[in-house]
Every structure is written in C-alpha cells, then in structure tokens.
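User: Please go through the interface of this two-chain model with me, stating the cut-offs as you use them.

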Amino acid sequence: MIKNSTLFILLFLTLFAANQKSEARPIISGISTNEINIDTKFNGTEILLFGAKGDAGDILIAVRGPKKNFLITKKEKFLGIWHNGNRVKLKNSYSYYSFFSNSGDKILENDIAKDLELGGKNLKFYVSGNEESRKNKNEFEMEFVSNLEQQKLYSINGNVIDFLDESLFKVILKFPKNIARGIYNVEIYLLDDNNLVSFQTIPIYVNQVGFSAQILDFAYQEPFLYGLLSVIIALVVGWLANYLFARFVGK
Amino acid sequence: MQIYLPIAEIPVNIILILLLGLLTGFLAGMFGIGGGFLATPFLMFIGIPPAIAVSTSANQIIASSVSGLLANLKRGNVDIRMGIFLVIGGFIGSTLGVSIFRFLQKTGHIDIVINIVYVVFLGSISIIMLIDGIKTITAKKYNIIWEKKQNSKMEKFLEHLDKWPWQIYFPKSEISVSVFIPIILSIGIGILVALMGIGGGFIMIPAMIYILRMPSTVVVGTSLFQIIFIASNSTFLQAVTNNNVDIVLGFLMIISSSIGAQLGTRSGTKVDADSMRSFLALLIFLVCAKMFLSLFTSPSELFLIEALKQ
C-alpha cells in the first residue's frame, strides 16, 4: 500500500490545490486505503495518512479500533503459591488505539482533549469487579495499556506527526498482525488553545477476506456442520496416515 | 512461512505448528497419551487464545489417536470391550466435569486447588510407576530379587475390588473385573479431564496398569481407543457452543501428528514394555515437576489479559 504512496501524494496535492482555490478549509486529509483485508497471508500492515492544515493550531490524531470487553486477572501469592487473584472486567475499551501529536503533554490537559479521550492519559475505562479490585482500578488500567502496547495494539507515547512544510503533514499508521475485525476510526483534530477549530474522521474497515473469511463465516453460521467436519477431517486424516504408512513404509 | 488463522485471528508459523504436531503425535503413538499437556501450553505461548488452544488440541488428538489406534489394532493390541466401558464412563464423567467446572468457576480460586490436586496425584503415580519400572528392569537384567511386601494396602484394596458384583471376562486382556470398576474409574478420570482440559491418558494409563491390571501390551491401544471418543465429543461441543475450534490450525496439526503417531507406534514396538512404562513414568514426573515449580516461581506476567467475545 505504501508503495503507491508517491502516486497518492501527487493526487492528494492536486486535490488540495484545487480545494484551496475554492475555499480555505482548516484541515483536509486522506488515507492510502479505507480497507484492511485479512487473508491467509496477512501479517500486519501499514496505512499512510496525509493531510494539510489551513489554520493555525495543533494537530492531534487518534485512531481507535472496535470496542471490546476485557478480562484482567492478577496473579497473587498465598503461602508462597501463585494463583489467580483479583479479577476485573474492562467494559467497552478500545481494542486498538494510537495517538499522534507534536504539541507535548500540556495540550492534553485541556478539557476538550479529556472529553475526546485524546492521548493515553485521557483514556476512560469502565471497570467492574469486586470492591478490592475497584480500589486498585488504576493498577489494572495501567497494566491493560502496557500489555496492549507490548502487543503493538496501543501506541500512545512519542508518536509525532511528520510535517513536510508548515501545513503539509503525513503519518504512517501501523496495524499489527493481531488486530480485531471491525470499523476503525481515524480522527484528525485541529485545536487552537482550548478550542476545537475543526475535525475530520475517516473510517477504515478491517475484514477477513477470501478463504479465511469463508471459514470464519462457516464456523459461526453452521457451527453444527463445522464441528462435525472438524471431527471427520481428523478421523479421515488419521486413517489415511495409517493406510499410507502400512502401504508404503511397512511395519 | 506464515498463515493467518481465521478463528484465532492471528498468523502463525506453519513449520513450528507442524513440528509441534509431529512431536505430540509421536508421544501419542508411543505412550497412548493425547499430548494435550504439551500442545496446549505451547499454542498459548505463541499467542493463540487459551480457549482456542484447548479446543483445537482436542481436534488434533482425534487424528493422532486414530492413527496410533489403527497401527495397534493391526497388531491385536486393543481391548475393545474394555474400551467401550471406559468410553461410557468417560462421557458421563466429562459431562459432569463440565458442569462442576462452571460451578467452581463462579466461586473463583478454583484453578489453584486443581493444580495442587493434580501435582499431588500425578506426582505420586509417577513415582510409584518409576520405582516399579526400575525394580522390574533391574530384576530382569541383574537377577536382583526385590522383596515383596505381603498383603500391602494396594493388594488388599485390589482383593476387595475383585469381590464386586457383575464380573465380566475381558478375553483380550485376559482379566475378569466387575463392570463397575472401569466405569467408575473412567467417570473419575472424565471429571478430571474436563476440569484440567488435559491429562486423560496420563491418568488412564496408570489406572489401567495398576487398578484394572491389564497387560502392558494392550494398554496403549485401549487408551487411544478411549481418547478418540472423548476428544471427538469435546471438539464437537466446543465448535457448536463456543466456536473455539480453529480448523486451519487443527488441520496443520492433524496432518503432522498423524504421521508422528505412526512413527511413535513403530518406535514403541522396539522398546520392551517395562522400559516403556518407566519412560512414561519419567515423562509424567517431569510434567508434574514443572507444574510444581510453576506454583512457586513468580510468573513472567503478573497480569493476565484476555479479550472477551461479547
């Protein structure tokens, strides 16, 4: 996808120039593709985001994946033995989140950044669990974020926007191999002090395609047949291996 | 070489999975154990969600067991009559086990209880087997005569079992036991299997040797016979109720483990029954020791995070 980026940038610049003549818009941006197609060869991918800002202010970019519920279990020690201790459920948390900005941390203390959940510190979590685990809510949240950062599903700190000149910018969005299916939203905000000057949102559709998708659909739409087929394949292959060995390898 | 798994939603290395299948299949063919104890944790380690790792291992176990069973069947090493009784008990036990598991899960803190029970249980079985194996091997090789305790507790217990009603003769194993014994035994093992997700063969084989007193030659084949039914039931139920079986991952493991099972069965015939029993005992002991140590060593990840389906 990135290979086509030169072409894409050229196209974008033409569009941008045409657009500037008619009316000045605070931000305009586009991405190299709206789709991530997961096939059997999928091993993660990258998407190019390109844009230009027409007004003064700070650009903040957030990409959010489909929301999911997560279960977090803490291992605890009792009489020297490790076991599963407190357990909490995080409800409706982003399964993917990446954030880009050049403005430092101060801008993230704005009310507007807090409301829009911009930046790792402003992510909101809804925790359910017993009283003790709710007391340690922060610990669980931090572990959740750092775990997803390790899996490259969260990317919060130190992501800068690459400015080509005063107004033109680009960012490479990275999607690891283990992303969930669903609709991802790329959100580009232009903030001036505590004011939201403009924002744009672009969806990315992540789907399984081809053979992979057919199996997934089959498993969920015909679970009875799918289960039966799994068992039959195993029985047949087991038999076949024995037959072939007996025939060609001998005892 | 990578392939994307549609249900697990993650790509894996094909070669790695094939090798894993080959190894578990080999163990299945040689010792008559499923190999889930090896495959399941490994799959989790490379990033497959735990529930999918367990269910897909069950799918693979069917293939290696069929492959190994047929090879044993040809040599006349399967007691089908005994196998059928074990299957009946196994079905009842695993169904019971699933309900017990759901109940205990709600109360929490159950995994640790199971782990400890498992370590104690497997640990003592393997040590008894190991000592027994070494004694017989040394007795044969160096003509050492080990003193036998008269009327040990085990013998008294077994004598007591011999008095149970409904005695049936099993011609293949050349033993007579009450039908209740294999059924009760396999219900108990079925419960443990459902609770642990692994370990059917591990417990079944020592039970066949020491409680049912079946000859070593038929133990492996009969265990495989029994495992096929239990694993098929489990795969099917997991696919229907939880959509947890990844057929692509399963297929890769099925192919390689069927081949592995053939190789394992062939190697098994080259080793005499006593050494084989000692090998198995050693294997069980090592797994048990690993579990024991993992109870006390600090986990690499203090927090376990899993995405829920709904």
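User: Which residue stands opposite B:F303 in β5(B)?

Analyst: In this predicted model, strand β5 (residues 67-78) of chain A is joined to β5(B) by 5 bridges, and the two run antiparallel; strands pair if DSSP finds at least two bridges between them, and strands are DSSP runs (E, at least two residues, while helices are H or I, at least four), numbered from the N terminus. Local features need pLDDT of at least 70 and side-chain atom pairs count only at pLDDT 80 or more, whereas totals for chains, interfaces and linings use all residues. Residues are numbered from 1 along each chain as written, chains are lettered from A in the order written, and side-chain values use heavy atoms, without hydrogens and water. The residue opposite B:F303 is A:K74.

User: How much area do chain B and chain A bury between them?

Analyst: The contact (heavy atoms within 4.5 Å) takes 59 residues from chain A and 55 from chain B. B:Y4, B:F303 and B:I305 supply 15% of the area that chain B buries against chain A, more than any other three residues. Taken as the accessible area (1.4 Å probe) lost on being put together, summed over both parts, with 66% of it on carbon and sulfur atoms, the total is about 5,100 Å².

User: Which side chain meets that of A:R181 in a salt bridge?

Analyst: A salt bridge requires a side-chain nitrogen of Lys or Arg within 4 Å of a carboxyl oxygen of Asp or Glu, and the rule finds 1 across this interface. With an N to O distance of 2.8 Å, the partner of A:R181 is B:E9.

How values were computed: Buried area is the accessible area (1.4 Å probe) that two parts lose on being put together, summed over both.
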